[in-house]
Amino acid sequence: MIYESHIFKSKVNSVVSVGIAYQLCYGGVNHPLNVFEATCCLQRGHYLHRKKAFLAKRRQETRGASVHMKSGLGNLWFYLSQIYEQVPRVYDKGSEAVSLWQVRRWRMEVFKLPLKRGDLILDAGSGKGAMSDLLRRFGADTVMLDASLNMLAQGNGDRVQGVFERLPFRKGVFDHVVMGFSLHASIDYGLTLGNLRKSLKSGGRIFIVSIGRPSSRVKYALCLAYFEFVVPLLALLSTGKEFPLFSGLKTIYQNNPENELVRCQLDEFFETLEFKEMALGTVFKYVGVVAASSSQQRSPLSRRSPWI
Ligand SMILES: C[S@@+](CC[C@H](N)C(=O)[O-])C[C@H]1O[C@@H](n2cnc3c(N)ncnc32)[C@H](O)[C@@H]1O
């Protein structure tokens, strides 16, 4: 069954309403107080301090040139969300090929979570449900959440259309959250991570595998060349004339914050258990836990109805 979250039911077109809210809060990606800084301002002081230190180091490296950082696609999300609506038919073939057949292996890392049969798991940015399919085979209950109706339409089980930045779930209902190649596609990392943390039970874990951005310039340039020249070729060979749909990967890669910075941001919301770069830093894997002190646990009865 596909559930529509309340923002999608509103009279105003949901995407536009999220967009307007986003513009009002942050003034878009071109505003001097960019997304990253705005998000940071809402968070604790020591994070700002770490970010300042990071930027100071970067400024030294760039000989004083001003450095702007952001985390999240911002306005670009509206362009990429149209691609996600068109890609489902060729998504599996294309993503296998452009990852050199590694994508399944990276997703399988999710089995390092301490899973138990019957766990309720949120698959955030589920797409067609690649992560959910793996987890269900293990006996977990999953709820798939995605912004794209066309992606969800090709999945099975409980599915809800919604955005990370405004989750339609109660607090503290999920045992774990998994994000398979979807964090990099969010509008705003800070809002996304904050909301996902709220939806987790105390002691619940988050597993993320995502496109990253290496800090080393040499690695960055090499991987950019891969996205520019190799990805279109592999997409052409695997999906035929649909290959331009995979051009969004380069846009995502170029707009990603550096892995070091994402790690800082993740540390702010979760206790980090593992952060590992793979494929020269173009992919990273993260496992974090909600510390017991930040308990928001609800009665077991709420398991039956995770949404508001
Ligand atoms: C690359 S696909 C990943 C699909 C699947 N998890 C996998 O492992 O293959 C990214 C998905 O994230 C969804 N997405 C991107 N931004 C989102 C947001 N802000 N809220 C909800 N879903 C989002 C897209 O619609 C897309 O289906």
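Two residues are in contact here if their C-beta atoms, placed from the backbone, lie within 7 Å. Helices (H or I, at least four residues) and strands (E, at least two) are DSSP runs, numbered from the N terminus. This is a predicted model, in which local features need pLDDT of at least 70 and side-chain atom pairs count only at pLDDT 80 or more, while totals for chains, interfaces and linings use all residues. Residue numbers start from 1 along each chain as its sequence is written.

**View 1. Helix 5 meets helix 12.** Look for Leu76, Leu80 and Ile83 of helix 5, which meet Gly248, Thr251 and Asn255 of helix 12. By class, this contact has 3 nonpolar, 3 polar and no charged residues (Ala, Val, Leu, Ile, Met, Phe, Trp, Tyr, Cys and Pro count as nonpolar, Asp, Glu, Lys and Arg as charged, and the others, Gly among them, as polar). The axes of helix 5 (residues 76-86) and helix 12 (residues 248-255) come within 11 Å and cross at roughly 150 degrees; axes are lines fitted to C-alpha atoms, for helices over the stretch in contact, with angles running from 0 to 180 degrees between N-to-C directions. Helix 5 is therefore roughly antiparallel to helix 12 (angles under 35 degrees count as roughly parallel, over 145 as roughly antiparallel, 65 to 115 as roughly perpendicular and the rest as oblique).

**View 2. Helix 10 beside helix 13.** The axes of helix 10 (residues 189-199) and helix 13 (residues 259-269) cross at roughly 30 degrees and come within 10 Å. That makes the two helices roughly parallel. Tyr189, Gly190, Leu193, Gly194 and Arg197 of helix 10 make the contact with Gln265, Leu266 and Phe269 of helix 13. Sorted by class, these residues are 4 nonpolar, 3 polar and 1 charged.

**View 3. Helix 6 crosses helix 11.** Here the axes of helix 6 (residues 88-98) and helix 11 (residues 217-239) come within 8 Å, crossing at roughly 140 degrees. The pair is therefore oblique. From helix 6, Val90, Lys93, Gly94, Ala97 and Val98 meet residues of helix 11 including Val231, Leu234 and Ala235.

View 4. Strand 7 (residues 271-278) and strand 8 (residues 283-289) pair in the antiparallel sense over 7 bridges; strands pair if DSSP finds at least two bridges between them. Lys276 has Lys285 in strand 8 as its bridge partner. With 4 residues between the strands, the hairpin includes Ala279, which takes a positive phi near 45 degrees.
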